[in-house]
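Here is a friendly tour of some surface features, backbone details and pockets. Keep the viewer open as you read.

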Amino acid sequence: MTRTELLMSYIPLADFIARMNGEKCEVLVHDARDLDHSILYVTQPSLTNRHRGNGMTDYAMELIRSKRYLREPYVVNYVGGSDERTFRSSTYFIRDGDELAGLLCVNIDIGDLLGGLSSLKRALILDPDLLVQDRKETFRLGSTIEERINNIFQRCMEGKTPDQLSTAEKRHIVAELRRDGVFEFKGKVQNVAERLAVSEKTVYRYLKE
């Protein structure tokens, strides 16, 4: 396979990557033998307005001069573009044995995404530090007294009905509820007694025990 044939074999891959990522993506195949006229192929529409016969960017040429291809097979997710457009770019080094044959370069325009991110930040109207849920100013779902009781019953009963529970299991449930501070709320002894199918006196006895 000649060098040109090797590079041309990457064209279907370039088309695949561009089609997969949509209209905001362009893919170029570069021939490393002529840096000033390196572009062998570019998918359309070209985001950078380049075409066959144009040269490499300064960054691509620096990758070659530094022989980075000897240390890494590719460089991914670096920032490219211009004052008007921002790209998330990646470069794959096409090797021909020990030599660099060319580059497969991918540019994805992320300007709309960055704009959306900025809009989301404005919509939050929050200091990011306030999103930490262990702060006093925040609340957690499942934190109301009824939800706490339900969670403990579901966890401890394991699908059993009250009449299927042993005395030890009922004591354990009462102990868990007490540990969670449930009985500090008015009327909860009666509520728990009804759910365990025992008398209030029994619940009080469990608490004393």
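A pocket is an open set of points on a 1 Å grid over the protein atoms alone, with protein on both sides within 12 Å along at least five of seven lines, and its lining residues have an atom within 4 Å of a point. This is a predicted model, in which local features need pLDDT of at least 70 and side-chain atom pairs count only at pLDDT 80 or more, while totals for chains, interfaces and linings use all residues. Residues are numbered from 1 along each chain as its sequence is written, and side-chain values use heavy atoms, with hydrogens and water left out.

**Pockets**

- The second largest pocket has a lining of 14 residues, and Ile17, Val76, Ser90, Thr91 and Val106 lie nearest its centre.
- Two or more residues of that lining come from each of H2, S3, S4 and S5; helices (H or I, at least four residues) and strands (E, at least two) are DSSP runs, numbered from the N terminus.
- With five residues, S4 gives the most to the lining of the second largest pocket.
- The lining of the second largest pocket holds eight nonpolar, five polar and one charged residue; Ala, Val, Leu, Ile, Met, Phe, Trp, Tyr, Cys and Pro count as nonpolar, Asp, Glu, Lys and Arg as charged, and the others, Gly among them, as polar.
- The largest pocket is lined by 21 residues, with Thr57, Gly80, Gly81, Phe87 and Asn107 nearest its centre.
- At least two residues of the largest pocket's lining come from each of H3, S3, strand S4 (86–96) and strand S5 (99–109).
- Nine nonpolar, ten polar and two charged residues make up the lining of the largest pocket.

**Backbone details**

- Most residues other than glycine have a negative phi, and most peptide bonds are trans.
- Lys67 is not a glycine, yet has a positive phi of about 55°; Lys67 sits in the loop between H3 and strand S3 (74–81).
- Ala197, also not a glycine, has a positive phi of about 60°, and belongs to the loop between helix H7 (188–196) and helix H8 (200–208).
- Gln44 and Pro45 are joined by a cis peptide bond, with omega near 0°, and Pro45 is in the loop between strand S2 (39–42) and helix H3 (58–65).

**Exposure**

- Ala197 has a relative accessible area of 57%, so Ala197 counts as exposed; the cut-offs are under 20% for buried, over 50% for exposed and in between for partly exposed (1.4 Å probe, protein chains only).
- Lys67 is partly exposed because its relative accessibility is 43%.
- Met20, in helix H2 (residues 11–21), is exposed at 54% relative accessible area.

Conventions. On a 1 Å grid over the protein atoms alone, a cavity is a set of points where a 1.4 Å probe fits but cannot get out, and a pocket is an open set with protein on both sides within 12 Å along at least five of seven lines; lining residues have an atom within 4 Å of a point.
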